[in-house]
Amino acid sequence: MTRCSKILLSTDCFLKDQCAKYKRNNCVDNSFCLKLFKIEALFSNSLLPKHKWNRFALYIDKDNTDKKEFKELRYIEKTISDFIESGKNLYLCSSTCGNGKTSWAIRLIQSYFNNIWPSVDVDKEPCKALFINLPNFFIQLKNNISKQNDYIDFIKRYVLECDLIVWDDVGTKAGTEFEMENFLSILDYRLCCGKSNIYTSNILPQNLSQYLDVRLCSRILNQNCDIICLNGQDKRGVRA
């Protein structure tokens, strides 16, 4: 399990925007902060890049595009523990890049970690969620054939049992039969066990069968899955 590698200054703590103690100016030394220790371990083992651990603002366009969709996503965020306990899945898509699909998926991971950290034992359950960029996963899976890959080994260890997986960029890369069969077997097991999955994609649901095997499309879209399509503009590099 990955633990906190160093003591962070309170002003540099990635939890400061969500921490009541920090907001009250009571956080001087976080070297014994149990919340920081646990959530850092959960994030490290989720494979989410460190620069994406911080909570950031998500906002709709000025013309209120995606207002309804953001309301639905905020409800899922608020009830994320119930969502995962019920084995729900989410297909979050848009034909436009950069309008919040992956950011919302990360936000849901963040919300889940904030909910569970008081009760989770990170020694016994080090990995509660995984963030897997599917095109990168396929590349690493192929490389693992000729040379053992630590990334794939780690995923294999936890991919079937962790509570939540974000599958990022579904349908972006056309997978080989070997890659698709691996993905299919993982999904089959997780869905049969009632494990939650969040899929992000630039492919609208009615077009997904053009990019993925029909069996995968059926499992992704039809098994206890909410579908939310965003229509807002590309917001990368734009400040609220």
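Helix α6 (residues 134-146) puts Leu134, Pro135, Phe137, Phe138, Gln140, Leu141 and Asn144 in buried positions, where buried means under 20% relative accessible area, exposed over 50% and partly exposed in between (1.4 Å probe, protein chains only). Those buried residues pack against β2 (129-133), α7 (150-158), β3 (164-168) and α8 (177-192), with contact taken as heavy atoms within 4.5 Å. Helices (H or I, at least four residues) and strands (E, at least two) are DSSP runs, numbered from the N terminus.

The model is predicted, so local features need pLDDT of at least 70 and side-chain atom pairs count only at pLDDT 80 or more, while totals for chains, interfaces and linings use all residues. Residues are numbered from 1 along each chain as its sequence is written, and side-chain values use heavy atoms, leaving out hydrogens and water.

Zooming out, the protein chain has nine helices and five strands, in the order α-α-α-α-β-α-β-α-α-β-α-β-α-β. Of its 240 residues, 48% count as buried. Among contacts between residues at least 6 apart in sequence, 77% join residues at least 24 apart.

The side chain of Ser196 reaches the backbone oxygen of Lys88 at 2.7 Å. Beyond its neighbours within four places in sequence, Ser196 is in contact with several residues, including Phe83, Asn89, Leu164 and Arg190.

Lys88 turns up again in a salt bridge with Asp226, the closest N and O atoms being 3.1 Å apart; a salt bridge here is a side-chain nitrogen of Lys or Arg within 4 Å of a carboxyl oxygen of Asp or Glu. Asp226 lies in strand β5 (residues 225-229) and Lys88 in the loop between α4 (80-85) and β1 (89-93), so the pair ties together parts that are 138 residues apart in sequence.

The structure holds nine salt bridges. In one of them, the side chains of Glu77 and Arg55 meet at 2.9 Å, N to O. Glu77 sits in helix α3 (residues 67-78) and Arg55 in the loop between α2 (34-44) and α3, so this pair links parts 22 residues apart in sequence. Glu77 counts as buried at 11% relative accessibility, whereas Arg55 is partly exposed at 30%. Within α3, Glu72 pairs with Lys68 at 2.7 Å, four residues away, about one turn of the helix.

How values were computed
Polar contact = N/O pair within 3.5 Å; in protein donor to acceptor, adjacent residues only side chain to side chain.
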